Amino acid sequence: YHNSFFVGGGGKQLYSTGRGDYGCCGVTLESPTPEFFCSTPARVPLEYDVKTQGNISEPTKNCIVEDTIDEDAQPEIEHIAAGSSAHHCMVLCKNGDVYSWGYGENGQCGQNRTNDSEDDNDITLPKKMNLEMGKKTKKMRYKVKYLSGGGQHSAAIITTTDSF
């Protein structure tokens, strides 16, 4: 409802535009104010180094400096899914990695957040999901085939790979 996402550059360049509440545009260092939006498509790197972004006087503004993005480090995007009100987003890459960001109060970003602090729930820049789960004695790695986002939940079609 509130965002759009675009892929270019041979599947390695992701852009977002629209309302940026809760960090759902994926371009701010901190959770932006409710009025924040990107009026033109802003670059959303999946792999980034916040330290290279320089001195940003207003961290809730669009803070990704496109010239500092390491294009060789960007994975190729296979699929994008956003929640029904687009307050969270997930990206499935061709290498099997999954990244998520945005509103995460109900765990819909899949980042295993355990802190109930409101400040800890929003993920303002893409973060790679840990796809290893299980007990200490038997861990499984999951391979995501497809992603879908709802209002306050996400769903994935997965298969398991070898345990380790």
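## The open sheet

In this predicted model, 4 strands form an open sheet in the order β4-β5-β6-β7, with antiparallel pairing. Two strands count as paired if DSSP finds at least two bridges between them; strands (E, at least two residues) and helices (H or I, at least four) are DSSP runs, numbered from the N terminus. The edges of the sheet are held by β4 (77-82) and β7 (123-128); each has a single partner strand, so one side of each is left without a neighbour in the sheet. On average, neighbouring strands of this sheet are turned by 15 degrees against each other, direction ignored. For such angles, axes are lines fitted to C-alpha atoms (for helices over the stretch in contact), and values run from 0 to 180 degrees between N-to-C directions.

Strands β4 and β5 (residues 88-93) run antiparallel and are joined by 5 bridges. In this pair, Ala-81 stands opposite Met-90 of β5.

Leu-46 lies in the loop between β3 (37-43) and β4. Its relative accessibility is 3%, so Leu-46 counts as buried (under 20% relative accessible area, with exposed over 50% and partly exposed in between; 1.4 Å probe, protein chains only).

Leaving aside residues up to four places away in sequence, Leu-46 touches Leu-14, Gln-74, Pro-75, Ile-77, Val-91, Cys-93, Tyr-99, Trp-101 and Pro-126, where contact means heavy atoms within 4.5 Å. Leu-46 and Lys-128 are 82 residues apart in sequence, and their C-alpha atoms are 8.1 Å apart in space.

## The chain as a whole

The chain has 1 helix and 10 strands, and from the N terminus on its elements run β-β-β-β-β-β-α-β-β-β-β. Of its 164 residues, 41% count as buried. Among contacts with a separation of 6 or more, 51% come from residues 24 or more positions apart. The chain exposes about 9100 Å², of which carbon and sulfur atoms supply 46%; accessible areas come from the Shrake-Rupley method with a 1.4 Å probe, and for residues only the protein chains shown count as cover.

## Confidence and conventions

The mean pLDDT (the predictor's confidence in each residue, from 0 to 100) is 81 for the chain, and 82% of its residues reach 70 or more. Where pLDDT is low, the predicted coordinates should not be read in detail.

Residues are numbered from 1 along each chain as its sequence is written, and side-chain values use heavy atoms, with hydrogens and water left out. Local features need pLDDT of at least 70 and side-chain atom pairs count only at pLDDT 80 or more, whereas totals for chains, interfaces and linings use all residues.
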